[in-house]
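The sequence and structure are shown here.

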Amino acid sequence: MFGWVNVPSGAWIDEEGRIVRSNEGVFPDETTIKFGLGKVRLGNNAFARATRDWIERGADSEFVWSPEELAARLKPVDDYTLLAEPTFKLALHFEAAGDSDRALLHFDAAQRLAPDNWNYHRQGWTHKGTIYASLQVLKKSKYLRKNTDKNYYDPMELPDENHRRFTEPDWIWTPAVNRLKRLLGRQPSAA
């Protein structure tokens, strides 16, 4: 309904039930996810600080959006995206029922209908196993970094926000490779 395509995502809902802020990519603090020989760092605590300000100041918080600001930031949802959600839920139903073939069929269909929705991709990939899913996430992230300007986590425009458009994995050898690149970058060119 709000065009969210990844987790974590968050919304602020006031005491009257109105959404006063809706964001993607919200983290309570910097998060590190380890996988095999690598890790990925995500987020920082800018959203948590803004949330505390909203709790203390309510509607007077500088971080509360007007209805017009909220409407301008919502991503449009087309018919394919609307159809993807029940298709995805059918996949989850068949997965829970132990019908892997039908689950995969519906996961694939949901991914085709809403190709920008990371939730559908990750869940479908995880159905094939966590190692497979981890490799697919890295593969898709690498492809997106090199071939598209899509922004899955919009900047929240908060003070001290460490916005990372895409996440880069850090492998066990990454620090040594980065030092070597810096050294080579300081060498005079051979031309």
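The model is a predicted one. Helix α1 itself has 12 residues, 46-57, and reaches 16 Å from its first C-alpha to its last, close to the 16 Å expected at 1.5 Å a residue. Its buried residues are A46, F47, A48, A50, T51, D53 and W54. An α-helix has 3.6 residues a turn, so residues three or four places apart point the same way.

The helices discussed in this report have these residue ranges:

| Helix | Residues |
|---|---|
| α1 | 46-57 |
| α3 | 79-96 |
| α4 | 100-113 |

Helices α3 and α4 pack with their axes 8 Å apart, at an angle of about 160°. Angles over 145 degrees count as roughly antiparallel, and α3 and α4 are therefore roughly antiparallel to each other. The crossing in which α3 passes α4 is left-handed. On the α3 side, the contact is made by Y80, T81, L83, A84, T87, F88, L90, A91, L92, F94 and E95; on the α4 side, R102, A103, H106, F107, A109, A110 and L113 take part. By class, the residues of this contact of α3 with α4 are 13 nonpolar, three polar and two charged.

One of the α3 residues in this contact is T87. Is T87 buried or exposed? Its relative accessibility is 12%, and because buried means under 20%, T87 counts as buried. Leaving aside residues up to four places away in sequence, T87 touches H106, A109, A110 and L113.

Note on methods. Residues numbered from 1 in each chain as written. Predicted model: local features only at pLDDT ≥ 70, side-chain atom pairs only at ≥ 80, totals over all residues. Heavy atoms only, no water. Helix = DSSP H or I, 4+ residues; strand = E, 2+ residues; numbered from the N terminus. Buried < 20%, exposed > 50% of the residue type's maximum accessible area, 1.4 Å probe, protein only. Contact = heavy atoms within 4.5 Å. Expected span 1.5 Å × (residues − 1). Axes fitted to C-alpha atoms, helices over the stretch in contact; angles between N-to-C directions. Parallel < 35°, antiparallel > 145°, perpendicular 65-115°, else oblique. Left-handed = near helix turned anticlockwise from the far one by under 90°. Nonpolar A, V, L, I, M, F, W, Y, C, P; charged D, E, K, R; others polar.
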